[in-house]
Amino acid sequence: MPDPAMLLDVAGLHATIDSKEILKGVDMRIPHGEIHALMGPNGSGKSTLAYALTGHPKYQITAGSATLKGTDLLPLTADLRAQLGVFLSFQHPTAIPGVTMVNFLRAAMRSQGKELSAREFLTRLTYEMAELKMDESFRSRYINDGFSGGEKKRAEILQMALLQPQLAILDEPDSGLDVDALRIVADGVRRAVEGSAGKMGVLLITHYNRILEYLRPDTVHIFSAGRVVASGGPSLAKEIEAMGYEGLLGEVAPVSASA
Amino acid sequence: MVTKTDPLSRDYKYGFHDQDVSVFRTEKGLSRKVVTAISQHKGEPEWMLEFRLKALGHFPKRPMPAWGADLSDINFDDIYYYVKPVDEQLNSWDDVPLSIKNTFDRLGIPEAERKFLAGVSAQYDSEVVYHSIHADLEKRGVIFSDCDTGLRLHSDIFRKYFGTIIPPNDNKFASLNSAVWSGGSFVYVPKGVHVEIPLQAYFRINSDNMGQFERTLIIAEEGSYVHYIEGCTAPTYSSNALHAAVVEIIAHKGAHVRYTTIQNWSDNVYNLVTKRAVAYEDATVEWIDGNLGSKVTMKYPAIYLMGERAHGEVLSAAFANSGQHQDAGSKCIHVAPHTTSNVVSRSISKGSGRTSYRGHIKVLPAAYDVKVNVRCDALLLDEESQSDTYPYMDIDNPDVTIGHEASVSKVGEDQLFYLRSRGISEQDATALIVNGFFEPFAKELPMEYAVELNRLLALSMEGAVG
Ligand SMILES: Nc1ncnc2c1ncn2[C@@H]1O[C@H](COP(=O)(O)OP(=O)(O)OP(=O)(O)O)[C@@H](O)[C@H]1O
Ligand SMILES: [Mg+2]
């Protein structure tokens, strides 16, 4: 039974893409206000889990359940899940030429019933962009079009800050960032959690311990071959850094090899 | 993708129909009698009647174009070629009949007038009923009037240029227009005069089964600048309406003419327009051409680059909804050395809609050091949508640099997902992507036209995806 007190409750989740099974029984529970890190080898299915939870139409769920505060996410399309408060910061954000950030952000907020007057919106936007040290010119840039790797990550965090989700799934928000940018992004996440009065949960997918030092996750999950194979405290991340996945888990097979 | 076709016509925004206030109309069909009646009714000089009758003679001899869209449904005998809505040309808004005012109100004309004091000239059916021009422009010698007035009041200039760029035997629809033309705009900009504010005209077809055959003539003297804008919309009717316009532009040495049009005909209109410009030494001509709506559009704005260093731009956007065929493109003829042309075309097909790009680049033997750039991109919204490209190149000089790029793509699944993951519905996400695709075009438009384009696109997108 899904636990309605739990922010996110994933049980026995299986998902396939092009009839190839990638997720093979994912179990994960994130209480309100907690930050959970998800680590695991390349190709183990972390991004797939993120997509499956946010409703990417390319992925078919073949078994299991996923609920947000007791509401079944699986029958809902991506936009409805977002309206419920699920947010995904993409590992590789998509460029959409011709659509300006400012138009997009307003459309997104409107769709989630969070529309502000033009003036309030601009004030908010200016504030959040300043916090993330983003130049104002990004407002009129096209979505992710020609953004550098680090700029894309900041733009994702900007969206999270404006949309104030219940659950933020952050897929490698730290990859490709310089040290200063890493701190800015981590601060952005922490601000969002604190601003939510301890209600927002975070699923933070990462390969590096560094961002975890800033964000101090409550739990670290290790993902391997489409499943969570170990969960523990922050020390788990340090062990991975020291020993590698192979050292920690023994022979680690990526999903592609075990399919 | 799943398609639920919901043609624009169902909620066509301007598909209302005012009480017909015509005061004079010719009988249906085309004949010497009809053409003579038009000319006499307008009190035209003899040479114009002769011009019309000669054109009428060409009309049956010119073949229907067999290479483009399907025109077989046009019944030339079932069309009113001339309808005059009010008795006389009005100079003040207060004099405009209420039913016409209502129409204009819905089209936003009075506002446009307030905003753009430079000049508003709106065509209602065949005759311009309302027209104003800023006194300052008049003082500087700028003429902005309907074409009939141009003929009446400025006959010397008018006669010197009229029909010289597009002769009456050019093609079947140019012949037809030349025989029965009425209304349209006449613009004359004297040497060295820069008209800073765009000159705007608003066209609209209102009577069932009447054609609209306006004629626009723009002359920019040496070193002058003018931007002319025209928007079109027509109410929805059960039978097919025909729009066959002719636009001629003459850009003299060093002149710069920009012609912007957004056409949004209702989906039963045949929109067959001949547009051609000549650009002399160091002159620039730009066609900014947006085509939404209509049943069939065939339109290929042309630029003849006659003098050295002349430059031509054709920037076009087309949206074909279910049942519509937008056959559009451009023609750039490089006659002189050091001439350059740039063609950018963006088209979107939705449902069973079809867009075709037909481009012709010609470089004559004397034209060396020529640069040509052509880029056309098509976006398909549904599985059954269609787009095709017909680029023709006739290059008779080896000293030519040509860039040509073309692409056809579908709305990207990843782009859609990205937007939807922010809460935006599939329909709104598609509309955003569509607007973004037209952005290179929209950003060339004055603000309120860009806004209008976005709204029209959003309307056309309703029910796009299920
Ligand atoms: N369309 C597809 N067809 C087949 N396999 C696919 C398809 N898309 C993704 N995969 C595979 O799914 C597996 C999981 O990919 P996923 O992106 O979820 O990994 P990841 O854990 O996020 O890796 P990384 O750490 O490199 O980001 C990979 O082996 C990938 O090749
Ligand atoms: Mg990944």
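1. Surroundings of Asp377(B). In this predicted model, Asp377(B) touches Ser345(B), Arg346(B), Ser347(B), Ser407(B) and Phe437(B), leaving aside residues up to four places away in sequence. Asp377(B) belongs to strand β21 of chain B, which covers residues 370-380. With a relative accessible area of 4%, Asp377(B) is buried, because the cut-off for that class is under 20%.

2. Polar contacts of Asp377(B). The side chain of Asp377(B) makes a polar contact with the side chain of Arg375(B) at 2.8 Å. A polar contact also joins the side chain of Asp377(B) to that of Arg346(B), at 3.4 Å. Arg346(B) is also listed among the residues that Asp377(B) touches.

3. Helix α2 of chain B. This helix spans residues 46-61 and has 16 residues. From its first C-alpha to its last, α2(B) reaches 24 Å, close to the 22 Å expected at 1.5 Å a residue.

4. Packing of α2(B). The buried residues of this helix are Trp47(B), Met48(B), Leu49(B), Phe51(B), Arg52(B), Leu53(B), Ala55(B), Leu56(B) and Phe59(B). Their packing partners in chain B are the helices α1 (32-41), α6 (147-153), α7 (155-161) and α8 (172-180).

5. Charges over rings. Phe59(B), one of the buried residues of α2(B), has the charged end of Lys172(B) over its ring, 4.3 Å from the ring centre.

6. Aromatic pairs. A pair of aromatic rings is described by the distance of the centres and the angle of the planes. Over all chains, the count comes to 21 aromatic pairs. Among them is the pair of Phe144(B) and Tyr228(B), which is edge-to-face, with 6.2 Å centre to centre and 85° between the planes. The pair links distant parts of the chain: Phe144(B) is in strand β5 (residues 143-146) and Tyr228(B) in strand β9 (residues 225-233), 84 residues apart.

7. Burial of the Phe144(B) and Tyr228(B) pair. Phe144(B) is buried, at a relative accessible area of 2%. Tyr228(B) is buried as well, and its relative accessible area is 0%. Both values fall in the buried class because they are under 20%.

8. A ring cluster with members from chains A and B. Ring pairs link Tyr51(A), Tyr59(A), Phe90(A) and Phe104(A) with Phe417(B) and Tyr418(B) into a cluster.

Conventions:
Residues are numbered from 1 along each chain as its sequence is written. Chains are lettered from A and ligands numbered from 1 in the order in which they are written. This is a predicted model: local features need pLDDT of at least 70, side-chain atom pairs count only at pLDDT 80 or more; totals for chains, interfaces and linings use all residues. Side-chain values use heavy atoms; hydrogens and water are left out. Helices (H or I, at least four residues) and strands (E, at least two) are DSSP runs, numbered from the N terminus. Buried means under 20% relative accessible area, exposed over 50%, partly exposed in between (1.4 Å probe, protein chains only). A polar contact is a pair of N or O atoms within 3.5 Å; within protein, one must be able to donate a hydrogen and the other to accept it, and residues adjacent in sequence count only if both atoms are side-chain atoms. Contact means heavy atoms within 4.5 Å. The expected span of a helix is 1.5 Å times one less than its number of residues. Rings of Phe, Tyr and Trp (its six-membered ring) pair if their centres lie within 6.5 Å; planes under 30 degrees apart count as stacked, over 60 as edge-to-face and the rest as tilted. A charge sits over a ring if NZ of Lys or CZ of Arg is within 6 Å of the ring centre and within 35 degrees of the ring normal.
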